[in-house]
Structures are given as C-alpha cells and as structure tokens.
Amino acid sequence: MLRIHNLIKSFAGEKSRGKKKDEAGHSAVFAVNDVSFEVKEGELFTLLGPSGCGKTTTLRSIAGLEKPDSGTIAVGDRVMFSSTGSGRSVNLPANQRGLGMVFQSYAIWPHMTVFDNVAFPLQVRPRGQRPAKKEISERVERVLATMQLSEQSGRQATKLSGGQQQRLALARALVIEPPLLLLDEPLSNLDAKLRESLRYELKRLQRELGITSVYVTHDQVEALALSTQIAVMERGAVVQLGKPREVYEQPANKFVAEFIGTSNFIPGTVASQQAGRHCVETSNGTLFLESAHHMPVGSEVVVSIRPEAVELSTVSRGEQAANEWTGEVVARAFLGDAVDHVVSVGQHEVRARVNPSVSIESGTPVYLQLDPSKISLVPVN
Amino acid sequence: MTANLADPAVTPEELTRPSDGPPERSKARWRGPLTPKMFIVAGVAAAIGYLALVPLGYLVWGTFFDAEGLDLGSFERAYGDGRMGELWGNSLAFAGGSALLSITVGTTLAYLNVRTAVPFKALFFAASIVPLVIPGILYTVSWIFLASPEIGLLNAFFEPILGGAPFNIFTIWGMIWVEGLHSSPIVFLLMVAAFRSMDPSLEESALMSGATRLQALRKVTLPLVRPALLSSVLVILITSLESFEVPALLGLQNGIYVFTSRIYFVLRSYPQDLGAAGALAVSLLAVAVIGVAVSRLLAGKGSKTYQTVTGKGFRPRPMDLGKWKPVVGVGILFYFFVTVLGPLLVLLYAALLPYYQAPSWEALSSFTLDNFVQVVEMDSAARALRNSLILGLSAATIVMALMAVASWISIRSTIPGRGIVEQLSFVPLVIPGIVLGLSISFVYLRFPLPIYGTLLILLIAYCTKYMPYGMRYATTSMTQISSELEESAMVSGASWWTTFRRVLLPLLSPGITAGFIYILVVSFRELSSSILLYSPGNEVLSILIWEQFENGSFNVLAAIGVLMVVALMVMVTIAYKLGAKVGLRED
C-alpha cells in the first residue's frame, strides 16, 4: 500500500548546530537517513522513537509537507515522490496527494464551525471534481455521525473538548476517504486518562474502517497498544521493524530494549548455542534463554530481563534449577496492581515486578526465577 | 455638529475625577506615616496625570471658551470658509489610501518573509524595516527629489520617452504613495508577529485537504490573521491622519490640506488664530479617539473569537516558492530599490551636488563635499545636534524612570485605581503630534512660569509623546518577571524601595534599555510637535531640516539628511546588538 525506499532528508544550514548537539560525535545532519519500509493495506504502522529521531520528518515527507533529498514514496501504484538520481523525479505537492492527516495540534480552523471544518476538503476540490452542495453536506454529516459529532455540527470548532477536537480532526482527514491516513502524535495533547480511552477509540475506528494508517508517536505504550507494525527509529534510521510483541520481547539492540518498557541489562558471554537456545555465562550465574538472534559461542552479549519476567520466591526450586539466582531485596514499592522489588544480585540490582500477593520485606534473601522465554539477548554493537 | 465633535474630547477630562480618588482611598489601607513608597507612587501618578491631561484640558478650554464664556466662534472661523468638505475628503482619502497601500505591501512582505522560503532574506528584512528608520521628513524630501514635476529625477528620466513629466509628487496620489510606503514597515512588523504566532499546521492541514496555495491563503490564513489586519488598518489610518511631514511638504504647495497641515497653516497665517486651530485639533482628536476606541474593541473581540488551540511548540517551516521564486526575487529587489535604495541614493546624490540637477557627466564631475563642509561649519547645525541629543537623552531617561514605577503600579500593586495610571499613560497615543504641540503651547502661553520658548517646553512635549511607548516596554518586561521574585525579596526583609532598586530594576533593565533607545531614536525625528514649540536658538535637527526646506537650500538639507540617516543607522544597529546581547543574557 505505502512503499518507502531509501528515503533521505538532511537539513542544510543546521549542520553545525546538529554536530554541536550530538555528544556521541555522530553527525546529526541527517533527519532521515536511508529509511525503507512498506505498509500493507489496512495496517496501522507506527513510527516510534524519541524526539529528533526523524519520525515526524518521515511522516511529513509522506504528506508532501517536506521535500526529501532522495528516495521513493508511493501510495498504491501512485508515485508521490521519487528522486533516485536516475530517471524522472516526481514530487507531488501536498494538496494533490489526496491523503488524510491529523496534526499534533489538530490544526482545527478556529474561524469555522465543525461542519465547515469537515466540509473544507470537499469544497476546495477543483471545479470539475467538486461534489454538489447536497452531496457535500451528506458526506460531512455521515462522517460526523461516525465520529459522534453530529450534535456539534453547527458549533464553533474551538468550543469543543479535547477529545471532540481530536475526533473532528479525524473526521476532516477522513471525509475525502483517503487511501492513507497520517497521524502525527494525535494523542500527545490530551491528559493521561483521556489519552487512554481515546487510544482504544482510535484503534476501534481504524480497524472498523480498515483504513491504512501511519502513526507517529514517542509513547511506547501507545505504539504497543495500537500498532500492527512498529518501526523503531533512532537518529534518522529504522533500527527495528516488527510486530509489537516482537519489538517488546526481542529488542534488536539495547536502544530498543531501553526505549520500549523498562528492562534489566546483565552482560555476559555466550557459552553454547543450538538452534536459538543460548546458554549465557553472567557474573551472577548461568542463564538459559531462547533468542532469534543466533549469537556465536564466545560473543559478548547483554541479556535483557523485563521486570515482569522475574519471579521472586523465598524458597529455591532446588540445587540444579536452571535460571535461578540468589539475591537480597533492597527496596520495594506497592503500585496497586503489582509490587516492584529491587533485588541486589552480585554487583547488579535487578528490578522485579510481581503479583501484589507477593511482597517481600527489605533485607530478605530471595531466589529470582527467570522465565527463559521472557528474557532476550541483545547484541552488543 | 460641534456638540458632537466635542463629546469624545471631554472623556479624558472625566478621567481626572477618578484619578483624584486613589490616593485618598488607599491612605486608609496603607495607614502609618508617609513612606517613600507612597511619595514615589503618588509622585509618578501625578506626573503622568499632569502630562496626559493638562494639555488636553487647556486645548478644550481654549477652543470652546474665551474671556466671555462659551464661544463657538472658533469653529465657525475654522470651518466657515465652505471648504470643510474638501478638508474632510482630503484627510480621509489620504488616510484611507495610505492605509490601503501600506496594508497591501506590508502584509504581502510579512507573509513572504515568515511563511515562505524567499530569496535574499536578510536584504528583504532590511528593505521591509529601513523606511521606518528614515525620518519622515527626509523620506518625503527624497521623493520630492525623485518625483517632483520640476526637479524629479524620475521625471527627467522618463520625460524624453513619454513626452511629459509622468510623476507629480505634489498631489494627493503622491502623498498617499509616500505615506503608504513609509508606514508599510509598521504593518510589516504587526503582521510578522501575527503570522509567526499562527500555527503553521493550520495552513498545512488546508493543503493536506487538497486546497491550493491560493485557497489556503484566502480561506484559512487571511481569516485567521483578520484581527491583526484590522488593527493594522486602524493603526495606519490613525498614523496617517496624524501625519504631518508628508501633507505639509507635499500638500501645502498645491493647497491640498488635511487636518494636520491645515492646523499648521492656520497657525502660520497672520493674524494667528489659536481658537480656530484648536477647533481643527479637537475634531482631529475626536476622530483619533474614535479610531483607537474601535481598534481596542475589535482587538478585544478578536482575541476572544480567534483563540486558536495550538500544539506545544511548532517549528515554522517556510514554504517552498517553487517556480515563483525568481518572480518573487525580482519583486523584492525592485521593492528594495524603490523604497530604500532609491530614496537614500538620491539624498546622497543631492548632498554631493552644488545645485540640484539631473544626472549627467557634468553633474557627476561637479560632485563636491561643500555641502557637508557647510553643515559642519554651520552654527545652527551644531546647536541643533546638541539640542536634539539633550532632548532625546533627557526624554528617554525621564520617561523610562517614570514608566518603570508606573508599570509596577499598574501590574504589581494592589493600589485601588491602578488601572487608571496605565490608561492615562496611553492617552498621548491618541493625540496627534501637531495637536499635542498646540495644546502644550496653549498651556504655557497662559502659564506664569517662563517655560515657553525654552528647551524645557520641548522636553515636556517629548516626554508626553513618548510616555505610551515607554509604558509599553516597561509593562511588557514587568509582566515577564514573576511576582515571587519580588515577594521573596520582601520576605527577606527588604523595603519596597530596596526591592524595587535591587531586584526589579535589574530584571527590568533589558526592557528599560530597549525603551530608552527606542525613545532616543524616535525623538531625533520628531517634527510635528516641535514645529509649534521651538523658538530661534532652540532648533532641533528635524526643525533644521524643515528650515532648509523652507529656504529652498535642498543640497544642504540633503547633506544634513545623509548625516542624520547615518547616525540613526548606527544608533539602531547598536540598539539591535545591545538588544540581542541583553536577550542572550536573559537566556
């Protein structure tokens, strides 16, 4: 549906500034550096990453609001942008791409009513393609009804609540029935409660309407909850592309593991490996785990252990039990639906999130049991 | 008619009554002995009230009353010659035409500058601002050099081709042209602010909806900046109505009178008729008051209706102009040449010539620095420069000192009636310069103290005139300072005066400095009030230029003008650098 190939965008004139900012010494000139991905019909594809990783620039390039240096952007069989050095270069202006977009600020026109906001995309069509007045109002009413905004139709757009504004922005983007919907952090302006309920609302609508969407966010929870596919971006490049569960359980590198959720990182060496079953030596003991990264024997790795993959017990499973470490509880915090423990193991501190029925006092020696299917290997770069 | 005209002018008088109130009522609250705080606050409030209201009071009284009582004869004398319709017509055509021109030019420039990737951006910004730096009198004279039917260079250039002088600056069109171009930077600055504060995604979402650039501009951008546009229109209408230089230099020659030049004409005729001038001034004042009131009303309404919901921060991304880029580039160069380079070059050209003539080899070979030598050797030039400096520095110092305290009163204090101080400080904004000059001469002609005919009367005029600007700078800074900073000083045991001196003043200093420089710069080109108040020996620079113009020594005038423009450019650059430095320190 949407195909992006070797997209590159650099910001001229920001060279020195970018370089100064980046302490690691990497050149931060490229906002988007050779990004390629494909979005299938009906998918909700998320570009996830911290601010400045190039996700918004990628989205704006798809929209036509930003002109990439090179690469190809195609929606269906329409090439929106193409500049590959050879052949004719194409760059459709934003107003001819026919895509829907929801802006971070919603960009609702304050001088128009709700109805006028939604009708605008139909009203500005070239004369030949413009629907009749009656049809416009029918289509607007229909999309307003889908978004449960029918009653607000005649109101001034600025009088709407945050959630209603979001639905209005969505209605305006969808009224032309675009092949692709672009969403630029549409939930970031809302408070936490509303954000959560709208997240499901958005997911339901997207699935029901079956509209292919590209979603930009820096919120990993949002990305995990909504997406069919996630592309995690760092410094202008896609570092991992996969289903939410894959990205969470099998992070491609330490950056992804750290950015998505919290994790304990324990360094070690691969002692043996067979068909994805690794045995890793760490300073705290041996760990058995399964990983899609097939690491050769002897390679340095980092083991990522999610806090919820750790079970705590005051009794050992036995001398020879695999994946069992001993440690001592240092601190704990009751979170309502779970209890967080910090356990010191050797020279490491491991966070464990356990069922509230388990609550172990500080100073108690404990056994940490690690589920081999829930811990993952992260290659050391 | 006369009764109607008088009404708005009385309003400022009514303001006096409530302003008497606060000190009495607040005494109860303050209790205790007379503190320095009370003295300072009351002194500043009284000074502002005096500057704002006394001249107006005298003007109204002097216009409506004579020794015998109420007398409307002055109105009859002012309007009785049957040319009242013409006066109103000219004034409105002049103000409306200038507003139309400057709004079109200023808004287009602002939009191109903020929202698109224009070529020559630095040059462009300079071109948009510079006409503001050139004093109105010099800008007008430059255009006389360019487009006068007798000596205009443009005419000399086009005459052989078109067989007749195509341009005549001494017409209402010429007046509109010069005034409109000279005020377009004001519109530019207002609209730049408006476009900058507009979330660009509002426009981008229109593009995403399939709208063309033009549709996006017409249906989204322009409606959204309409409040700013409306207030620009009113600001320009008022400044053009109050403008003196252009109508006096260009209109008097062919008898095209607007209110300001008519007032000047009446006062310069013999026998001088203060009452008739007053009657004209009261009408002009009334129009200005109505204009300002309407613009306030609209501004208030606008901010309510158009409060836009925006995201956190937005990065303004300039739009690519595409195939229009060369067209816009050429347009900008042309604009730069017509509004900045042309007038400045012609001034320099005239300054280097022994007598004004069309460019030729002969003219070029007669280039001389004699005019500059003459200026340097001229007694009156040195005196005028000294007077201008004294007046500028003193007015800037006095105004900013008063306004620092006044801004505290209006923003921080809980003194009842504090709002009135702010309102009073803005009163001079609606008083046209020539009306202010007239009002002040009304006061001090009847005043026992020997102020009339001294520099002091000019200083009073300057302080009054620039009070609103000083107040704006000071209040803007004051609102940026958290009241907790002041409160923590108080809690630490500092007295009010110590807090003000040690905490508030240092924090206010960037705004105060900016205001100081602004006043210094604008006071250098003040003409419309000075022209009624100066006396021989007390000329300021702008008056010196005016005198050269009246004497017909255009080349000496041009030399003074060149020096003045250079000095102003230097001052503005220093101010800009200083502002940037102060701004950096703020970070």
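Let's start with residues 385-575 of chain B. Over that stretch the chain is 79% helix and 0% strand. Its end C-alpha atoms are 20 Å apart. Keep in mind that this is a predicted model.

Why that stretch? UniProt, in an unreviewed entry, lists residues 385-575 of chain B under "domain: ABC transmembrane type-1", along with residues 88-295. So take the other span as well, with the label coming from the record. Residues 88-295 of chain B are 79% helix and 0% strand. Here the end C-alpha atoms lie 21 Å apart.

Now chain B as a whole. It has 26 helices and two strands. Of its 587 residues, 46% count as buried. Look at the contacts with a separation of 6 or more: residues 24 or more positions apart account for 80% of them.

Leu92(B) sits in helix α4 of chain B, residues 84-115. Leu92(B) is partly exposed, because 15 other C-beta atoms lie within 10 Å, and buried would take 20 or more. Now jump along the chain to Thr239(B). That is 147 residues away in sequence, and the two C-alpha atoms are separated by 12 Å.

Next, helix α6 of chain B, residues 136-147. It has 12 residues and reaches 16 Å from first C-alpha to last, close to the 16 Å expected. How many of its residues are buried? The count is 12 of 12, so α6(B) is mostly covered. Among the buried ones are Trp143(B), Phe145(B) and Tyr139(B). Gly136(B) and Ser142(B) are also on that list.

Compare that with a helix in chain A. This is α4(A), residues 133-146. It has 14 residues and spans 20 Å from first C-alpha to last, close to the 20 Å expected. In α4(A), the buried residues include Ile136(A), Val140(A), Val143(A) and Leu144(A). Why do they sit on the same side of α4(A)? Because they cover an arc of only 105 degrees around the axis. On the other side of α4(A), Lys134(A), Glu135(A) and Glu138(A) are exposed. And what covers the buried residues? The cover includes α3, residues 114-123, and α5, residues 162-174, both of chain A. Just after α4(A) comes Gln148(A), with a positive phi of about 55 degrees.

Staying with chain A, on to its domains. The assignment gives domain 1 as 2-99 plus 178-254, and domain 2 as 262-379. Their centres, taken over C-alpha atoms, are separated by 34 Å. Where they touch, domain 1 of chain A supplies five residues and domain 2 of chain A supplies eight. On the domain 1 side, that makes one nonpolar, two polar and two charged residues.

Last, the contact between the chains. Here 23 residues of chain B are in contact with 26 residues of chain A. On the chain B side, α9 (200-208) and α10 (213-224) each supply at least two residues. Which helix gives the most to that side? It is α9(B), with six residues. By class, the chain B side divides into 10 nonpolar, 10 polar and three charged residues.

Chain B has 26 helices and two strands. α6(B) is buried at 12 of its 12 residues.

Methods. Residues are numbered from 1 along each chain as its sequence is written. Chains are lettered from A and ligands numbered from 1 in the order in which they are written. This is a predicted model: local features need pLDDT of at least 70, side-chain atom pairs count only at pLDDT 80 or more; totals for chains, interfaces and linings use all residues. Helices (H or I, at least four residues) and strands (E, at least two) are DSSP runs, numbered from the N terminus. The expected span of a helix is 1.5 Å times one less than its number of residues. Domain bounds come from an automatic or database domain assignment. Two residues are in contact if their C-beta atoms, placed from the backbone, lie within 7 Å. Ala, Val, Leu, Ile, Met, Phe, Trp, Tyr, Cys and Pro count as nonpolar, Asp, Glu, Lys and Arg as charged, and the others, Gly among them, as polar. The arc is that of the directions from the helix axis to the C-beta atoms.
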